[in-house]
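Please read the following report alongside the sequence and the model, which are shown just below. It begins with a single side chain and then widens to the whole chain.

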Amino acid sequence: MAKQAKPFVFDADKMAEMFKVPGMDKWLQQANAPLELMMDVQRKNFEALVEANKVAASGYQDLYERMVSIFEESLGRAKQQVDSVQGQEVSAEAAAKNAETMKEAFDKALADVRELSEMAQKANAGAFDVIRARTEKAIEEFRGGAEKMTS
């Protein structure tokens, strides 16, 4: 009887040789560089977000404390106003005095609101400055990385 031919035998080494591409190692190293750059930039971006949140939180803490202070001052002034009006005779002079006191209270309230809005704006600006600075730096880092890859 004639010897039967061997069926197809898979040879992993021969298969690997077929897929070897000259310069593949170099290409993989080049592909890894942008990935490392992107990871580094994103890590720094995350750190900047954390810092921006700290700046904003600190500013808002100051804002909250000032709001409580203004509220306490306003309650004290309101109590004084109520005390001064009680038992007061009704007259044109008393009404003029009360109107002046109300105008002063209104002016003070406007000044307080202005102060609070400036504090909020400062807290927001501080956080924005951190993010803006990081964005500018990230753009520089990407440009520098792109220049290194093309040269």
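Is Glu47 buried, partly exposed or exposed? Glu47 is partly exposed, with a relative accessible area of 44%, where buried means under 20% relative accessible area, exposed means over 50%, and partly exposed lies in between (1.4 Å probe, protein chains only). This is a predicted model, in which local features need pLDDT of at least 70 and side-chain atom pairs count only at pLDDT 80 or more, while totals for chains, interfaces and linings use all residues. Residues are numbered from 1 along each chain as its sequence is written, and side-chain values use heavy atoms, with hydrogens and water left out.

**Overall fold**

The chain contains three helices and zero strands, and its pattern along the sequence reads α-α-α; helices (H or I, at least four residues) and strands (E, at least two) are DSSP runs, numbered from the N terminus. Of the 151 residues in the chain, 13% are buried. Among contacts with a separation of 6 or more, 87% are accounted for by residues 24 or more positions apart, a contact being heavy atoms within 4.5 Å. The chain exposes about 12600 Å², and carbon and sulfur atoms supply 62% of that area, as computed by the Shrake-Rupley method with a 1.4 Å probe, where for residues only the protein chains shown count as cover.

**Salt bridges**

A salt bridge is a side-chain nitrogen of Lys or Arg within 4 Å of a carboxyl oxygen of Asp or Glu, and by this rule the count comes to 14. The table gives three of these pairs.

| Pair | N to O distance |
|---|---|
| Arg43 and Glu47 | 2.9 Å |
| Arg66 and Glu115 | 2.8 Å |
| Arg132 and Asp129 | 3.6 Å |

Arg43 and Glu47 are four residues apart in helix 2 (residues 24-85), and therefore about one helical turn separates them.

The salt bridge between Arg66 and Glu115 has its two ends in separate helices: Arg66 lies in helix 2 and Glu115 in helix 3 (residues 92-150), so the pair ties together parts that are 49 residues apart in sequence. Arg66 counts as buried at 18% relative accessibility, whereas Glu115, at 29%, counts as partly exposed.

Arg132 and Asp129 are three residues apart in helix 3, and so they too are separated by about one helical turn. Arg132 is partly exposed at 37% relative accessibility, and Asp129 is partly exposed with a relative accessible area of 36%. Salt bridges that share partners also join Asp40, Arg43, Lys44, Glu47, Arg134 and Glu141 into one network.

**The largest pocket**

The largest pocket holds about 350 Å³ of space. On a 1 Å grid over the protein atoms alone, a pocket is an open set of points where a 1.4 Å probe fits, with protein on both sides within 12 Å along at least five of seven lines, and lining residues have an atom within 4 Å of a point. Its volume is the space filled by probe spheres set on the points, which are joined across faces, edges and corners.

The lining consists of 16 residues, of which Arg77, Ala78, Gln81, Thr101 and Ala105 lie nearest the centre of the pocket. Helix 2 and helix 3 are the elements that give two or more residues to this lining, and the largest share, nine residues, comes from helix 3. The lining divides into four nonpolar, seven polar and five charged residues, where Ala, Val, Leu, Ile, Met, Phe, Trp, Tyr, Cys and Pro count as nonpolar, Asp, Glu, Lys and Arg as charged, and the others, Gly among them, as polar.
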